[in-house]
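Subject: Structure for you to look at

Hi,

Here is the structure I promised. Please open it and keep it beside you while you read my notes.

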Amino acid sequence: MARQKSRFVCQNCAAVTAQWAGRCESCGEWNTIFEEAAQSGIGAGPKSATAGGRPIALTTLAGATDDAARIATGIAELDRVTGGGFVQGSAVLVGGDPGIGKSTLLLQAAAAMGKMGKNAIYISGEEAIAQVRLRAQRLGVMDAPVALGAETNVETILATLQAADPPHLVVLDSIQTLWTDRVESAPGTVSQVRTSAQAMTRFAKKSGATVVLVGHVTKDGQIAGPRVVEHMVDAVLYFEGDGSHQYRILRAVKNRYGATDEIGVFEMAADGLREVSNPSALFLNQRDAGATGSAVFAGMEGTRPVLVEIQALVSPSPLGTPRRAVVGWDTNRLSMVLAVLETHCGVRIAANDIYLNVAGGLRITEPAADLAVAAALVSSLVDVALPADGVYFGEISLSGGIRPVAHGPARLREAAKLGFATAMTAGMTAGMGAAEGGAAISVRELNSLGDLVAQVAAAKGAAVQN
Ligand code: TYD
Ligand code: MG
């Protein structure tokens, strides 16, 4: 009999070595290498490349397609992120920090689907039945027809699912607690997570149910296990937010059946997650309109305009190398805006400590935020507040010009809806931009960043020192 071979797998990066080592050669982590039987898990295929294989009929690109059937949960913010509802036969990974509200969101989604007459199954591997019931009570969904189970073994779960009526939705909370008999390592290790996820993904494809896997994210932002599961599933949603704020953002980072730039905004309340259909109002509600260093950016998240406050604090630095602290925006982009201000607008700012914050914990990736950032910086530097009813959007070019950005009209409409009167931007027809419902907003065309600086300086009543 052939000797059972074993191999050593790093639990952090999934690198495989033939020998145990204290430190993984490939990712540099310590104590992450564990022994696994080579015969199990991925790569344990037949010895000969074609042994046991059966040819399939290859086909053409053109031909009949069946539109992915979706089931909307009725939770609009969730449906927006999935692209219109859960696709039947797909596997979805929902990742996020512990305690962010993943279990809450998915129990609410399962309850919503149950109430619509769909067969929803919720399997908890982390909490006992009583705990899940308590949560359901708190959420006010005890009466929803959701089939509940507490189990962690994949084979048992699959047997249970096969014995039940064909489900429309199966929630597995969480993937890190699942384990299968087919792999010998402990639950939570790469091969367990991977093999379990694979089995559940296969179940989704075969049964036509939507399988949602919940995954905890480790401190460095990886789904523990590590990211192997991301490649297997059809959609990856991240649930983000910070503990000190009530709201949470659901973001799609991968979606085989829809766009990935949509976000869903929720607010964590005593009775669960509430949808926030007007995120701008939420992000602006604690704004101190008369403060210096604050500018409102008319941004876009996917197809939805979102207004958000950008806060800057510029203060003289006691250090040789001034501090730059940025939350919610790109540090390199900040350096660029600072360099343009220095070089083309004669603003002496680089020697200061600079703190930049996107209020509310939102993360902005759009270059369109450049102008709002520059406005906040200049406002803080010269210590004069920007007009409280103004919004800013536009990309700054290295030559100091302002480039127009996409979705101008949508941004203007949102700003007008929220009562803003002026938009500082470029490339829009100057004058009045009409908005739905009669509200109007006037557009102040800026030709260059210098125009903006001059505007702020004029407000101060004195020119910015050169
Ligand atoms: P939970 O869904 O258990 O998070 P996860 O599954 O991502 O670990 O959410 C836990 C947090 O949410 C917990 O700190 C309490 C809070 N919470 C509320 O504020 N209101 C509620 O109705 C519920 C159910 C939870
Ligand atoms: Mg949980």
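Where is the place of Asp-383? Find the loop between α9 (370-382) and β19 (390-392): Asp-383 is there. Keep in mind that this is a predicted model.

Why pick out that residue? Look at its backbone. Asp-383 has a phi near 60°, which is positive, and Asp-383 is not a glycine. Most residues other than glycine have a negative phi.

Ala-14 is another case. Its phi is near 65°, again positive in a residue other than glycine. Look for Ala-14 in the loop between β1 (6-10) and β2 (16-17). The cut-off for buried is under 20%.

Next, a peptide bond. Most peptide bonds are trans. The one from Asp-173 to Ser-174 is cis, with omega near 5°. Ser-174 sits in the loop between β9 and α5.

Now turn to helix α4, residues 154-163. Its buried residues are Val-154, Ile-157, Leu-158 and Leu-161. They span an arc of only 95° around the axis, so they lie on the same side of α4. What covers them? The cover includes β7 (120-124), β9 (169-173) and α5 (190-207).

Last, check the N-terminal end of α4. Asn-153 caps that end. One of its side-chain oxygens lies 3.1 Å from the backbone nitrogen of Glu-155.

Best wishes

Notes. Residues numbered from 1 in each chain as written. Chains lettered and ligands numbered in written order. Predicted model: local features only at pLDDT ≥ 70, side-chain atom pairs only at ≥ 80, totals over all residues. Heavy atoms only, no water. Buried < 20%, exposed > 50% of the residue type's maximum accessible area, 1.4 Å probe, protein only. Helix = DSSP H or I, 4+ residues; strand = E, 2+ residues; numbered from the N terminus. Arc of directions from axis to C-beta. Contact = heavy atoms within 4.5 Å. Polar contact = N/O pair within 3.5 Å; in protein donor to acceptor, adjacent residues only side chain to side chain.
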